[in-house]
Amino acid sequence: MSWSARQIWAARLNAAGVAPVVAWALLENLGCEGLGSAGDEDWAAAGANLADVRSRRRAALAFDVAAEERRALALGARLIVRGAADYPELLASIADPPLV
């Protein structure tokens, strides 16, 4: 199994405790490449609370994606990101659906 860039960033943002609505805004506004290269101010401009940005951004960048992917594989789990074709329709219909 190999996660896409969008799945990787969704897992990172989720693990860093970024609220789903903010994580979605970050993904949509900065994109996967932008999230990795953007600074704190860019994250804040894209919807994150500036007071929380530094710690959450560091946590997201430090998240061990490879280890998490191995754990998911061992459990037989899949990472389904909001907006993906296989994201559950009923879950997508709620007011603030989870990112993953």
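Which side chain makes a polar contact with the side chain of R57? I looked this up and found the side chain of D40, at 3.0 Å. I count a polar contact as a pair of N or O atoms within 3.5 Å; within protein, one must be able to donate a hydrogen and the other to accept it, and residues adjacent in sequence count only if both atoms are side-chain atoms.

**Ground rules.** I am working on a predicted model, where local features need pLDDT of at least 70 and side-chain atom pairs count only at pLDDT 80 or more, while totals for chains, interfaces and linings use all residues. Residues are numbered from 1 along each chain as its sequence is written, and side-chain values use heavy atoms, with hydrogens and water left out.

**Overall.** I found 6 helices and 0 strands; helices (H or I, at least four residues) and strands (E, at least two) are DSSP runs, numbered from the N terminus. The radius of gyration is 13 Å, close to the 13 Å that the globule rule gives for 100 residues, so the protein is as compact as a globular protein of that length. That radius is taken over C-alpha atoms, and the rule is 2.2 Å times the number of residues to the power 0.38. I noted spans of about 35 × 30 × 20 Å for the C-alpha trace along its principal axes. Of the 100 residues, 36% count as buried (under 20% relative accessible area; exposed is over 50%, partly exposed in between; 1.4 Å probe, protein chains only).

**R57 and α4.** R57 is found in helix α4. I checked its burial: R57 counts as buried because its relative accessibility is 18%. Leaving aside neighbours within four places in sequence, R57 is in contact (heavy atoms within 4.5 Å) with A38, G39, D40 and W43. The buried residues of α4 are V53, R57 and A60, and what covers them includes α1 and α3 (40-45). I also looked at the helix itself: α4 has 13 residues and reaches 19 Å from first C-alpha to last, close to the 18 Å expected, where the expected span is 1.5 Å times one less than the number of residues. α4 bends by about 25° at R56, taken as the angle between axes fitted to the seven residues ending there and the seven starting there. At its start, a side-chain oxygen of N49 reaches to within 3.0 Å of the backbone nitrogen of A51.

**Core.** I then listed the largest nonpolar core, which has 23 residues. Such a core is a set of buried Ala, Val, Leu, Ile, Met, Phe, Trp, Tyr and Cys residues joined through side-chain atoms within 4.5 Å. W9, L13, L26, L35, W43 and L99 have the most contacts inside this core. α1 (5-15), α2 (20-37), α4 (50-62) and α5 (65-75) each supply at least two of its residues. Beyond four places in sequence, the contacts of W43 include W9, L13, L26 and R57.

**α5.** V65, A67, E69 and A72 are buried in α5, and the buried residues of this helix pack against α1. D64 caps its N-terminal end, with a side-chain oxygen 3.4 Å from the backbone nitrogen of A66. G76 follows α5 and has a positive phi, near 75°.

**P98.** I ended in the segment after α6 (89-92), where P98 has its place. P98 is partly exposed, with a relative accessible area of 28%. P98 touches P20, R82, Y87 and L91, not counting residues up to four places away in sequence.
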